Amino acid sequence: MAGEPLLQLDRLSTHYVSAQGTRVVRAVDEVSLTVHAGETLGIVGESGSGKSTLALTILRVLPPAAQIVGGRMLFEGEDLVRKSDAEMREIRGKRIAMILQDPMASLNPLFTIGDQVSEPIRVHERVPRASAWNRARDLLKAVRIPSAETRVKQHPHEMSGGMRQRIVGAIGISCEPRLLIADEPTTSLDLTIQAQYLNLLRDLQREHGLALIFITHNLGIVAKMCDQLAVMYAGRLVESGPVSQVFNAPVHPYTKALLNSIPRLTERDQRLTAIEGQPPDLAALPRGCAFAPRCVEAFDRCREEAPPEFTPGTRHTARCWLAPKAQTAGLQREAV
Amino acid sequence: MSLLQAEGLTKHFLAKRGLFGGSQGVVRAVDGVSFQIEPGRTLGVVGESGCGKTTTAKLVLGLEEPSGGRILFQGRDLATLDAAGRRTYRKSVQAVFQDPYASLNPRMRISQIIAEPLVTNERLTADATRQRVLELLDLVGLPPRAADLFPHEFSGGQRQRIAIARALALSPKLIVLDEPVSALDVSIRAQILNLLRDLQARLGLSYLFIAHDLAAVAHMSHTVVVMYLGKIVESGEARRLSLAPKHPYTQALFSAALPSHPDERREDIVLSGEVPSPLNPPSGCRFHPRCPHVMPQCGEREPPLIETESRFVACHLYGDAAAAPAAADRVAAG
């Protein structure tokens, strides 16, 4: 994609440090990736892979124990790591917004829907309450809430789960951000409601030219929604690239195993490829590649030395010693 | 003979309405549901929240008494069993639940957790019990030293293995699996699904598999039942049903399932609205307010569950050929 990326992470690291400073958890470790305007990036990983910490890092809303220990985050050319808290408050909710997993926990039960949807508009644009409320009503219509006129005056408990999640979406887009980060936005929703919500997000994205970052453990959402995919394992980005390329020709053994471990509607008789073992403890990572103990293709070097980032294709990266081989294989295939 | 047969199974709950619980409504959680579970086979139940799948599981487990209909186990009606018969039934039907963090007592050692059903039901010596616990641990792929540890020392996937070992302790014939993998990490899910299938092949178990992940249900089940607001709308052989669903709700549900590959393109049937409250279900076919193929009779008459092309479907589009052959063609073509 042409032009400057909207968001560019460059060797970004966020660590959790215990009170005595003895235990360091490398939740996000040297992660580099880019997001262009209007693009959808899916970040997948298991619990503890660092994907949520990465989202909190981009918004600079980390818990006190966590620190950004290195790297840069260029958003529209400005480094977010160096911004002051006051400057971040101007960006958060206005230029970068976030949708969280549990809509009941992200809405305040004591305030009306109108108050909550208009709050970011009033804070960032300092418009009077009445006109902010009018905007809120239009936003509810935009996220397809029926009878928006009465709904703005209601409270969260009067809505269903699907409606609450759409309201959280309306708050997210209220100041027309450039980047929307959605952390597991549909895990609490039923299947048909999930389909409605994903379609809505895609329509909003097209209308506003939003860049979307989906944080999920569900490869199906990535297959349905995303242009780019980033796979995280134990705090590191193990593979990233265009979705179709990564799905068709995954390079990292973890990505391969993950793709083979999901059941498909059409195949009952095939045995699933399970990934043996457990994800590692982030405070006591193995010396070499963190996936080596569970990897079926691991060899001696993997256990000794952590692999650097290789680029087996255009915008396709993989942290695996096997990646250079995959690269030549890929080139040969292209030549044929 | 079927291992377990449900005939017209019904469960109604009384719901208090209003501040002082004055007027009462009836929630028809499960309303006239019939199915069979064959020995060594898996019956999958899918549906969205409020469709009655968990209540069905509770009825099968004997945790709720049915308000109507009956359950036959190996041909005997559960309602007619005496105390000893009920006891035997409860031993033959076990459960594995969704959250292995909540279903294991944190103060008990793994050996105690797995041995608990043995201690209450079978008089074994301490040595024999220990022996059985080690056998069960081996069966679910855990090392013998796990017996002396506590649940917090295990990951989610290992905890689910412990829950499965406990369910196997009394050599049951049927295991109710209520969302057994949805709380687990993606890379662990396949381990547990493979383990469940291996155990089925090895021990000849039957499963009642409840999940909202359609691909997992299709992968695990021989027969699938689709529920909507307490009713079965469609049932049939798992693969055929998931590849060519007939009921408009099943079609929408499977079209909403996420693709497993970016090139996989499904017909997009997006339902409007949400599942209505079971306290006040729509008249006629309960799906008709959201149905893309709705016809005048749908709001008036409830469609019966009829057999068509080795499938059971409850929809006015099928069966009664005079009703709307054109519409049925349209659905089949779509």
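Trainee: What makes you say that domain 1 of chain B and domain 2 of chain B are in contact?

Mentor: Two residues count as in contact if their C-beta atoms, placed from the backbone, lie within 7 Å. By that test, 17 residues of domain 1 of chain B are in contact with 20 residues of domain 2 of chain B. On the domain 1 side, α7 (214-220), β9, β10 and α8 (238-243) of chain B each give two or more residues, and β10(B) gives the most, with seven. Keep in mind that this is a predicted model, where local features need pLDDT of at least 70, side-chain atom pairs count only at pLDDT 80 or more, and totals for chains, interfaces and linings use all residues. Residues are numbered from 1 along each chain as its sequence is written, while chains are lettered from A and ligands numbered from 1 in the order in which they are written.

Trainee: Why is β10(B) called mostly covered?

Mentor: A residue is buried with 20 or more other C-beta atoms within 10 Å of its own, exposed with 12 or fewer, and partly exposed in between; the C-beta atoms are placed from the backbone. Six of the seven residues in β10(B), 231-237, are buried. Across chain B, buried residues make up 43% of the 334.

Trainee: How do you know that β10(B) pairs with β9(B)?

Mentor: Strands are DSSP runs of E, at least two residues long, and helices are runs of H or I, at least four long, all numbered from the N terminus. Two strands pair if DSSP finds at least two bridges between them. Six bridges join β9 (223-228) of chain B to β10(B), antiparallel, so the pair passes the test of at least two. B:Y228 stands opposite B:K231. In the hairpin of these strands, with two residues between them, B:L229 takes a positive phi near 45°. Three bridges also join β10(B) to β12 (311-313) of chain B, with B:S235 and B:F312 as bridge partners.

Trainee: What makes β2 and β5 of chain B edge strands?

Mentor: The open sheet has the order β2-β1-β4-β5 (chain B), with antiparallel pairing. β2 (24-37) and β5 (76-77) of chain B each have a single partner strand, so one side of each has no neighbour in the sheet. β1 (4-16) of chain B pairs with β2(B) over 10 bridges.

Trainee: What makes a set of residues a nonpolar core, and how many residues has the largest one?

Mentor: The members are buried Ala, Val, Leu, Ile, Met, Phe, Trp, Tyr and Cys residues joined through C-beta atoms within 7 Å. The largest such core has 188 residues, and A:F214, A:V222 and B:L208 have the most contacts inside it. It draws at least three residues from each domain of chain B.

Notes: Domain bounds come from an automatic or database domain assignment.
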